[in-house]
Amino acid sequence: MKKITFESMGISSEITKALDSLRYYQPTPVQQEIIPLALNNEDILTESQTGSGKTAAYGIPLCEQVIWEENKPQALILVPTRELAMQIKEDIMNIGRFKRIKVTAAFGKSSFKTQKSELKQKSHIVVGTPGRILEHLQEGTLNVDEIKSLILDEVDEMLSMGFIQQVEDIIDYLPKERQTMLFSAIMPSEIERLAFFYMKKDHKTIKMEKSEENTPDISQSYIRVQDLPKEKLLLALLTIENPDTCIIFCNTREVVDKVDSYLAKAGIPIDKLHGGMDQDDRSDVMQEFRIGKLRYLVATDVASRGIDVDNVTHVINYNVPFENESFTHRTGRTGRAGKTGVA
Ligand code: AMP
């Protein structure tokens, strides 16, 4: 069988050169499915797991199709969290580097004014969280006349965070003639309803079966905790496992604060991430974790989205999450990009 490459899918050298430097030598299965359809302007509903390479699956065709000379945004990407918005901005800027593609991220708890002036300048692609994007639309600071593609990413999460009404309000502002791509790890009926109302009737549906190639290699185990002080046990576990890079998930900010100060006092190089911190602090912590300056991170679910750090060796659920999907997303922070992981 002939090997499928980005070139054989019609991706231009400007983009493949950037993919090479990112070490994306071959399209992942989800990319092999999506890219040809996306280049053909089809509407696509995709059920796929995190870590499958789906950001590039839509990011590559978007970069390929962007018209550099057009100053108004040509694609809008909606995502559930700020971290994910920042991550996607970086991913797409890397893919579109040689085409000099400009990506603007717009999310809450960050200066509206700065975003407004960024949006006034050339922005080929805009990625943001529903609340802030809607605000820009209501204030007239985001022009959507030239939007050709709408991407709804991690829709299951937007649904469980209660963002769907805002997503629908945003869609009402957009040109009717457009391409819509929807990505979700699961497909509850509410998402099928969205697809029915907002996507073309002949949209393509892609379900990536869990195959070895698509399923991360994560070894999972649990520890029964009875009356023991849990923090002490966690410290013992970290000492025995000695992870290279580890994220500890808790259900609330209060528990994050408690675990962070307990482990820091014990001399563990740790910092924390939760929704109550201001954006600059969150970005600083993420950056330190990404570049490996920080080996341990304790976080709420806010952080389980968009932490695209390839080398997380261990994920610990300090609290059992309330929802099944949270569990999948938390553990999915390890075993990424073909590596193995421990949860
Ligand atoms: P995602 O599912 O978009 O979160 O991507 C998961 C990880 O796979 C990210 O770290 C990407 O940088 C990486 N990735 C995406 N596409 C490729 C590819 N074609 N080859 C190798 N790594 C990739």
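I began with the ligand and noted that one of its nitrogen atoms lies 2.9 Å from a polar backbone atom of Q26. I count a polar contact as a pair of N or O atoms within 3.5 Å; within protein, one atom must be able to donate a hydrogen and the other to accept it, and residues adjacent in sequence count only if both atoms are side-chain atoms. The model is predicted, with local features needing pLDDT of at least 70 and side-chain atom pairs pLDDT 80 or more, while totals for chains, interfaces and linings use all residues. Residues are numbered from 1 along each chain as its sequence is written, and side-chain values use heavy atoms, without hydrogens and water.

One is 2.6 Å from an N or O atom in the side chain of Y24, and a polar backbone atom of S52 is 3.1 Å from a ligand oxygen. Taken alone, the ligand exposes 490 Å², of which the protein buries 85% (Shrake-Rupley method, 1.4 Å probe).

I listed 14 residues around the ligand, of which Y24, Q31, G53, T55 and R336 come nearest (near: a heavy atom within 4 Å). The shell divides into 2 nonpolar, 7 polar and 5 charged residues; Asp, Glu, Lys and Arg count as charged; Ala, Val, Leu, Ile, Met, Phe, Trp, Tyr, Cys and Pro as nonpolar; the others, Gly among them, as polar.

**Aromatic residues**

I found 3 aromatic pairs in the structure (ring centres of Phe, Tyr or the six-membered ring of Trp within 6.5 Å; planes under 30 degrees apart are stacked, over 60 edge-to-face, the rest tilted). F196 and F197 are edge-to-face, because their centres are 5.5 Å apart and their planes at 85 degrees. The pair of F197 and Y198 is tilted, at 6.4 Å and 55 degrees. I recorded F196, F197 and Y198 as one aromatic cluster.

F197 counts as exposed at 52% relative accessibility, whereas Y198 counts as buried at 18% (buried under 20%, exposed over 50%, partly exposed in between; 1.4 Å probe, protein chains only).
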